Amino acid sequence: GLIFYDTKVTVMNRVLNATVQRTADHAAPEITLDPLEIVGGEIRSSENSYFCQAARQLSSVPSSQLCVKLASGGDPTYAFNIRFTGEEVHGTSGSFRHFLWQVCKELQSSSLSLLLLCPSSAVNKNKGKYILTPSPITYAEEQLFHFFGQLLGIAIRADVPLPLDLLPSFWKTLVGEPLDPDLDLQEADILTYNYVKKFENINDETELEALCAEIASQHLATESPDCPNKPCCKFTYLTMTGEEVELCPRGRHIPVAWENKDMYAAAIRSLRMRELQTPECMTAVRAGLGSIIPLQLLTTLTPLEMELRTCGLPYINLEFLKAHTMYQVGLMETDQHIEFFWSALEMFTQEELCKFIKFACNQERIPFTCPCKDGGPDTAHVPPYPMKIAPPDGAAGM
């Protein structure tokens, strides 16, 4: 926390460039994707997704071949080249950016099961935010999480922000920072947080009985074995994926009473913390990330800084974009149609600005920083900087 973000980025960039393993005399790996598998934006099977197509083809490529130098002016060197079946595309930049954009869409949809919409989304808190799906994983799923980690590292080396919306708890676990049992539970699952708090704040047995009656009315409690007409809760709870689990051995047969209600609340909180940390999944993600960038770098970054470096800002800063725009062949910022252009963009919503950036640069987000800073040499620009505005190619008056 005592080091400025820009200083951390400078050190990080030096380390990344010092750990390049694929030199210029080695050809980039190439994968072939079939766009017909996702015609109309609908993926009939997860195996047909760009994510799984790429994971299968890159599984046999040594990770050293994906460790390239940082993007620094001109068209960057990408970890791999992409060829679309039936399409002839000039250059590699557009295809690569489109691939990362499509993959992020797939990850945050029902077509893949690696990410789960956080439960708080159901009550409009942290709407659209995702976490790693907290469930036991197969070997195949472990490989997909490993590839997901590799993509995070690949995006950092390419300086292409990923449009991923993940909860802070993901970034905390990724950089090795402990989770806050109160704050992170509230962020991820506000309903469970409120449920736990009710049991923690009970003052007497009468209140406990009233709470159990309230829960019984919501079909979450059963009758007490000692008093058939008296509702009670058992030591069970639903996981984030909707499965009922026992919070302790024989939990289905243990009623919640005044003597153990604090243990019950603590067990639910502990269950959610384990689900947010998802050790198996996160180990695979970190292993994938570590095959592309040195994991020691993460110890210097806060969770927010890691998110900014990987995903950029979720909104478009128009002033920042304007400062990194070049005007070609005699055009000037003071030309009337250029002023009209910026005036029009100023009226765009953030959603519309993201669509404009996608149209112009084939990515929804722009990097949080640019090597040129403000006014450096053009050679220091990294795509999508500078955005270039040029006259039309047609003849005058057309």
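Reader: Is the crossing in which H5 passes H10 left-handed or right-handed?
Author: This is a predicted model, in which local features need pLDDT of at least 70, side-chain atom pairs count only at pLDDT 80 or more, and totals for chains, interfaces and linings use all residues. Residues are numbered from 1 along each chain as its sequence is written, and side-chain values use heavy atoms, with hydrogens and water left out. Helices (DSSP runs of H or I, at least four residues) and strands (DSSP runs of E, at least two) are numbered from the N terminus, and a crossing is left-handed if the near helix is turned anticlockwise from the far one by less than a right angle, or right-handed if it is turned clockwise. By that rule, the crossing of H5 past H10 is right-handed.

Reader: At roughly what angle do the axes of helix H5 and helix H10 cross?
Author: Two packed helices are described by the angle between their axes and the distance between the axes. Axes here are lines fitted to C-alpha atoms, for helices over the stretch in contact, and angles run from 0 to 180 degrees between N-to-C directions. The axes of H5 (residues 168–175) and H10 (residues 279–290) come within 10 Å, and they cross at roughly 65°.

Reader: Which residues of H10 make the contact with H5?
Author: Contact means heavy atoms within 4.5 Å. The contact residues of H5 and H10 divide into 6 nonpolar, 1 polar and 1 charged, where Ala, Val, Leu, Ile, Met, Phe, Trp, Tyr, Cys and Pro count as nonpolar, Asp, Glu, Lys and Arg as charged, and the others, Gly among them, as polar. H5 contributes Phe 170, Thr 173, Leu 174 and Val 175, and these meet, in H10, Met 282, Val 285, Arg 286 and Leu 289.

Reader: How many nonpolar residues are in the contact of H3 with H4?
Author: Helix H3 (residues 93–107) and helix H4 (residues 139–158) pack at an angle of about 145° with their axes 12 Å apart, and their crossing is left-handed. Phe 96, Phe 99, Leu 100, Val 103 and Leu 107 in H3 meet Phe 148, Leu 151, Ile 154 and Ala 158 in H4. In this contact no residue is polar and none is charged, while the number of nonpolar residues is 9.

Reader: How many of the 15 residues of H3 are buried?
Author: A residue is buried at under 20% relative accessible area, exposed at over 50%, and partly exposed in between (1.4 Å probe, protein chains only). The buried residues of H3 include Ser 93, Arg 97, Trp 101 and Glu 106, and what covers the buried residues includes strand S1 (30–33), H2, S2, S3, H4 and helix H14 (350–361). H3 is therefore largely enclosed by the rest of the structure, since the number of its 15 residues that are buried is 12.

Reader: Does Gln 65 count as buried or exposed?
Author: Gln 65 is found in the loop between helix H2 (50–58) and strand S2 (81–84). Leaving aside neighbours within four places in sequence, Gln 65 is in contact with Arg 22, His 26, Ala 27, Pro 29 and Ala 79. Because its relative accessibility is 19%, Gln 65 counts as buried.

Reader: What distance separates the C-alpha atoms of Val 256 and Cys 233?
Author: Val 256 is found in the loop between strand S8 (244–246) and helix H9 (261–277), and at 6% relative accessibility Val 256 counts as buried. Its contacts, leaving aside neighbours within four places in sequence, include Phe 199, Leu 208, Cys 233 and Tyr 264. Although Val 256 and Cys 233 are 23 residues apart along the chain, their C-alpha atoms are separated by 5.3 Å.

Reader: What percentage of the residues of the chain count as buried?
Author: The chain contains 14 helices and 10 strands. Of its 398 residues, the share that count as buried is 46%.
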